[in-house]
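Here is a brief report on the structure shown below.

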Amino acid sequence: MLTEKDSHHLLTQQIRAGNQQALEKLFLQMKDGVFRIALGYVRNEEDAEEILQDVFVEVFHSIETFKGDSSLRTWVTRITINKSLDHIKFKQRKKRFAFITTIFHKDTAEVKIHGSDFNHPGVLMENREKANYLFEAIDKLPEKQRDAFVLTKIEQMSQREAAEVLQITEKALESLMQRAKENLRKLLSDIYEEL
Amino acid sequence: MKKERESWIEEVVESAANIQRVKADESLYDRIQLRLKGKVRSLDYVSSPRVWLVAAGIALLLALNVTAITYAAMQKSGPVHSSSLTENGFDIYSN
């Protein structure tokens with residue numbers, strides 16, 4: 001029986017050789033984690049599915065650059081975070097463009113700006129409102145604190161795994177999480193005042 | 001009031017724990033395969049520097065146009081050349 005490390009080493013070599021079946025194996029092993037992390041950033045099923053595809057296309061094309069310094073799972077998680085952030089920037093640009101079009105066509109673009117993108121399949125109806133406020137606050141956190149919170153609290157990664165993905169020590173992750181929670185409370189307090 | 005707010009904040013923070021661990025659809029791999037074969041294009045994420053470069057180019061073009069139009073307008077409304085007086089029939093020396 002192969003360990004995950006050995007199995008990933010073998011898959012890496014096969015993907016490097018252009019073996020798409022190996023990529024499919026890796027996809028089946030990692031798709032759920034990648035999907036959930038993407039959902040943690042974009043909170044929209046369709047967008048997370050798009051990111052999931054981007055990630056595995058990137059894995060296939062960039063496997064040559066994977067040196068093996070970290071685990072394959074860590075490397076794929078970093079790609080997921082980068083692709084999620086790219087996707088958010090892309091959507092923000094689209095929204096800015098929609099804002100410009102409102103100047104010229106008031107009827108067409110208004111819906112896109114004010115319409116909610118929140119469509120997280122893991123959030124139950126009764127939890128939706130609170131989760132929406134939580135994600136609104138998460139979005140306002142500094143980047144590193146947001147990444148730490150998404151990985152540990154949303155994807156429920158272990159401290160060791162999350163620290164490896166973020167390339168920091170477990171101690172640094174702990175203090176990052178401490179600050180993230182403090183900031184979240186402040187941000188949620190402001191949201192509460194506005195309700 | 002403060003107690004109410006604190007308990008609301010606590011509930012919202014804790015709502016992260018109630019998020020279900022959803023699974024991705026296996027059939028998404030078919031779409032990845034199509035993309036690898038080049039049959040479906042991905043969303044094009046244009047890099048921010050590129051967007052700013054294009055925006056700067058457009059701004060430069062606009063600035064050049066405005067300068068050219070302003071310069072042309074100034075030329076038209078500037079001091080009248082003596083030859084234009086004669087062309088317009090204000091030649092006081094001719095009889």
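## Contacts along chain A

Of the contacts in chain A with a separation of 6 or more, what share comes from residues 24 or more positions apart? The share is 60%. The model is predicted.

## Fold and surface of chain A

Chain A has nine helices and zero strands. In sequence order the pattern reads α-α-α-α-α-α-α-α-α.

Chain A holds 195 residues, and 49% of them are buried. Its accessible surface is about 10600 Å². Carbon and sulfur atoms supply 50% of that area.

Asp147(A) sits in helix α7, which spans residues 143-154 of chain A. Is this residue buried or exposed? Asp147(A) counts as buried, because its relative accessibility is 5% and the cut-off for buried is under 20%.

Leaving aside residues up to four places away in sequence, Asp147(A) touches Tyr41(A), Ile81(A) and Leu166(A).

Which residues form the negative surface patch? They are Glu24(A), Asp25(B), Glu26(B) and Asp30(B). One member comes from chain A, Glu24(A).

Asp25(B) lies in a loop of chain B, between α1 (2-14) and α2 (28-36). Its relative accessible area is 42%, so Asp25(B) is partly exposed.

Conventions:
Residues are numbered from 1 along each chain as its sequence is written. Chains are lettered from A and ligands numbered from 1 in the order in which they are written. This is a predicted model: local features need pLDDT of at least 70, side-chain atom pairs count only at pLDDT 80 or more; totals for chains, interfaces and linings use all residues. Side-chain values use heavy atoms; hydrogens and water are left out. Patches are made of residues with over 30% relative accessible area and no salt bridge: like charges are joined within 9 Å, nonpolar side chains (Val, Leu, Ile, Met, Phe, Trp, Tyr) within 5 Å. Accessible areas come from the Shrake-Rupley method with a 1.4 Å probe; for residues, only the protein chains shown count as cover. A salt bridge is a side-chain nitrogen of Lys or Arg within 4 Å of a carboxyl oxygen of Asp or Glu. Lys and Arg count as positive and Asp and Glu as negative; His and the chain ends are not counted. The place of a charge is taken as NZ of Lys, CZ of Arg, CG of Asp or CD of Glu. Helices (H or I, at least four residues) and strands (E, at least two) are DSSP runs, numbered from the N terminus. Buried means under 20% relative accessible area, exposed over 50%, partly exposed in between (1.4 Å probe, protein chains only). Contact means heavy atoms within 4.5 Å.
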